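Me: Could you walk me through this structure and tell me what each term rests on?

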Amino acid sequence: MYTKTEFDRRQFLAFAGAGGAALIAAHFSFGIPMETPMVDRTGARIAKLDLLSSAPTHEMREFYGSVLGLSIAKVERKSVTVAVGDSMLTFRESSAEQDRPFYHFAFNIPENKIRSALEWQRLRTPLLPIPEPMRDPEYPAEVVNYTQWNAHSVFFLDPAGNVVEYIARHDLKNPAPGNFSSSDILYPSEIGIIVDDVIATAAALKEVAGLNQYRGGSEQFMALGDEHGLLLIMKRGRILNFNPATQDKAARIFPTGIHARGPKSVQYMPENLPYRVVFDSDKS
């Protein structure tokens with residue numbers, strides 16, 4: 001089993017100051033008034049994610065199965081599929097010729113368990129450091145305060161360098177008793193998609209898939225969907241650590257497969273980008 005000391009600290013710190021910071025900051029690039037709180041009856045909208053992995057399959061299996069305590073649904077020679085609630089997350093080992101792929105994805109957790117989740121995860125991995133302006137003085141320093149989204153999050157890295165997030169969305173009335181455990185990692189609720197034109201890509205997804213824009217947006221970042229499942233559209237080349245001098249830490253594009261529930265059944269495959277997004281109608 002992995003422990004804190006088994007992680008490459010230099011890699012962690014470099015990534016924490018780079019990709020992690022921007023993915024955290026992306027949520028802060030807009031602000032609109034709150035919507036009426038809702039009860040969490042919808043469940044996961046993201047049914048499957050299919051991602052590349054720069055880490056060997058056995059490391060990803062060990063991390064998600066033994067460290068996080070999630071169910072391993074399937075293991076093949078070069079891939080592993082993890083069950084997270086009713087959703088499936090597949091990591092496919094990338095070839096040696098490819099860049100080291102990394103993604104950002106988030107898991108919803110009970111809205112009352114961010115402090116407990118932090119302590120639980122801290123025993124298993126380092127946590128990404130959070131810039132002071134993004135903190136909540138009423139919470140530990142590793143917690144992100146999404147005032148516009150009425151949510152709190154913690155971030156960490158998996159063995160492939162993916163920026164993983166637990167997010168407690170307070171508009172979802174889904175509190176749970178007891179301390180945080182693996183069963184409180186409810187389902188994937190966010191996946192980052194890197195593109196050249198955020199506005200055009202968002203417009204295409206709105207038209208083709210009927211998705212709604214979630215609480216604001218900009219030319220650098222836009223979220224589509226709702227609290228149960230969000231596509232985070234981010235601009236390629238966005239500097240990921242707030243430091244324009246570090247051009248080597250820019251957002252990049254990697255093949256991504258997404259299967260989700262949406263307003264209608266449709267497939268979206270943008271031209272010249274390695275993304276395949278399949279929606280099943282949630283009205284059927």
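**Around Phe 91**

Me: What is Phe 91 in contact with, leaving aside its neighbours within four places in sequence?

Reply: Phe 91 is in contact with Leu 51, Ser 53, Met 60, Tyr 64, Lys 78, Ser 79, Val 80, Val 82, Phe 105, Asp 158 and Asn 162. Contact means heavy atoms within 4.5 Å. Please keep in mind that this is a predicted model, where local features need pLDDT of at least 70 and side-chain atom pairs count only at pLDDT 80 or more, while totals for chains, interfaces and linings use all residues. Residues are numbered from 1 along each chain as its sequence is written, and side-chain values use heavy atoms, with hydrogens and water left out.

Me: Which residues touch the most other members of the largest nonpolar core?

Reply: They are Tyr 64, Leu 68, Phe 91, Phe 105, Trp 149, Tyr 166 and Leu 231, in a core of 76 residues. A nonpolar core is a set of buried Ala, Val, Leu, Ile, Met, Phe, Trp, Tyr and Cys residues joined through side-chain atoms within 4.5 Å.

Me: Why is Glu 76 called partly exposed?

Reply: Buried means under 20% relative accessible area and exposed over 50%, with partly exposed in between (1.4 Å probe, protein chains only). Glu 76 has 39% relative accessibility, so it counts as partly exposed. This residue lies in strand β2. Across the protein chain of 284 residues, 54% count as buried.

**Rings**

Me: What makes Tyr 146 and Trp 149 a tilted aromatic pair?

Reply: Rings of Phe, Tyr and Trp (its six-membered ring) pair if their centres lie within 6.5 Å; planes under 30 degrees apart count as stacked, over 60 as edge-to-face and the rest as tilted. By this rule the count comes to 11 aromatic pairs. For Tyr 146 and Trp 149, the centres are 6.0 Å apart and the planes make 55°, so the pair is tilted. Both residues, Tyr 146 and Trp 149, are buried. Elsewhere, ring pairs link Phe 63, Tyr 64, Phe 91, Phe 105 and Phe 107 into a cluster.

Me: How do you know that the charged end of Arg 115 sits over the ring of Tyr 139?

Reply: A charge sits over a ring if NZ of Lys or CZ of Arg is within 6 Å of the ring centre and within 35 degrees of the ring normal. The charged end of Arg 115 is 3.9 Å from the centre of the Tyr 139 ring and is counted as sitting over it. Arg 124 sits in this way over the ring of Trp 120, with its charged end 3.8 Å from the centre.

How values were computed. Helix = DSSP H or I, 4+ residues; strand = E, 2+ residues; numbered from the N terminus.
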